Amino acid sequence: MKQPDILCIGSVLWDIIGRSTLHMRAGSDVPGHITRLPGGVALNIAMTLVNFGLTPAVLSAVGRDAEGDELVGEVSRMGIVTDHLYRSDDLPTDAYMAIEGANGLTAAIADAHSLEQAGMKILRPLFDGALGTDAAPWSGLVALDGNLTRDLLADISKSALFAASDLRVAPASPGKAERLLALVGHPSATLYVNREEAGLLCQTTFDAAQDGARALVARGVHRVLVTDGGNPAAEATGDILRLAQPPEVLVTRVTGAGDTFMAAHIASEVQGMAPQAALERALSAAATYVSGGTPS
């Protein structure tokens, strides 16, 4: 069994994405392409980390159904450690469905009920000795996603199992951003959000990423990175603020862009890049992804 460089905890599921080159609105019926690919925030992060040469492990809930067997097989072949997944006999494999047009995401539904129902069971390897114990907790990087329930995130924020961890946290969607409030004040948590999500966490709206970054640090977030599409992104911690401009690209897909940004930033820091360079490399990787390429 490979020793992972980082644990990715959260959703591991099938992404069913419908894409059209036409502009869409509610009720549109247009030609396009439908794909089914391994996805979920935690898995998207893990897949990008592999592209940057790291070995991630995923902790999640996957059903013992045909969909789950196929998903685990594909993920394992990518070089991601799947030995620590919670495989449920009575919960189905989760799925995410999105519709994207030339004007971006039109609608999406996340069916992550199995992950939510599994709860603490997905963390068993962190206390049964496989990856850690209460007395000897996992001391490396951990990427968490907002598909975990508010209660589980609150438990993680106080748990001895994560006392030595470097936590990196992303919301699964703007609708789940407020779940991350459970980690405000955690001494090692870094939040990766977009400008809209920053506003939801602060119960306001921001005109620029740097405004959201400053406000979240003022609220007690240890460190935060805020993206804003093609506008400048910001990183803030303590009294330090960094800004970087994303490259201009033709956008062909949007689902997974934030996960790519987060993974590329983590990998850049692991590989010893300076903070400004890591931020710029992460923005470049996200731009490559949304333009249809594979970041590495």
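## Ser-88 in strand 6

Apart from neighbours within four places in sequence, Ser-88 is in contact with Val-62, Gly-63 and Arg-64, contact meaning heavy atoms within 4.5 Å. Ser-88 lies in strand 6 (residues 86-88). Its relative accessible area is 1%, so Ser-88 is buried; buried means under 20% relative accessible area, with a 1.4 Å probe and protein chains only.

## Basis of the model

This is a predicted model, in which local features need pLDDT of at least 70, side-chain atom pairs count only at pLDDT 80 or more, and totals for chains, interfaces and linings use all residues. Residues are numbered from 1 along each chain as its sequence is written, and side-chain values use heavy atoms, with hydrogens and water left out.

## The chain as a whole

The protein chain has eight helices and 14 strands. These are DSSP runs numbered from the N terminus, helices being H or I with at least four residues and strands E with at least two. The radius of gyration is 18 Å, close to the 19 Å given by the globule rule for 296 residues, so the protein chain is as compact as a globular protein of that length. That radius is taken over C-alpha atoms, and the rule is 2.2 Å times the number of residues to the power 0.38. The C-alpha trace spans about 50 × 50 × 35 Å along its principal axes.

Of the 296 residues in the protein chain, 51% are buried. Among contacts with a separation of 6 or more, 66% are between residues 24 or more positions apart. The protein chain exposes about 12,900 Å², and carbon and sulfur atoms supply 51% of that area, as computed by the Shrake-Rupley method with a 1.4 Å probe.

## Glu-100 in strand 7

Glu-100 has its place in strand 7 (residues 95-101). With a relative accessible area of 3%, Glu-100 is buried. Leaving aside neighbours within four places in sequence, its contacts include Ile-17, Arg-19, Met-24, Leu-105 and Arg-253. Glu-100 and Gly-10 are 90 residues apart along the chain, and their C-alpha atoms are separated by 23 Å.

## Helix 1

Helix 1 (residues 41-51) is mostly covered, with nine of its 11 residues buried. Among the buried residues are Val-41, Asn-44, Met-47 and Thr-48. Just after helix 1, Gly-53 takes a positive phi of about 90°.

## Two helix pairs

Two packed helices are described by the angle between their axes and the distance between the axes. Here the axes are lines fitted to C-alpha atoms over the stretch in contact, and angles run from 0 to 180 degrees between N-to-C directions. Helix 5 (residues 195-202) and helix 6 (residues 209-218) pack at about 35°, with axes 9 Å apart. The contact is made by Arg-195, Ala-198, Leu-201 and Cys-202 of helix 5 and by Ala-209, Gly-212, Ala-215 and Leu-216 of helix 6.

The axes of helix 7 (residues 257-270) and helix 8 (residues 275-290) come within 8 Å and cross at roughly 145°. Residues of helix 7 in the contact include Phe-261, His-265 and Glu-269, and those of helix 8 include Arg-281, Leu-283 and Tyr-289. By class, this contact has 12 nonpolar, three polar and two charged residues. Ala, Val, Leu, Ile, Met, Phe, Trp, Tyr, Cys and Pro count as nonpolar, Asp, Glu, Lys and Arg as charged, and the others, Gly among them, as polar.

Key: Buried < 20%, exposed > 50% of the residue type's maximum accessible area, 1.4 Å probe, protein only.
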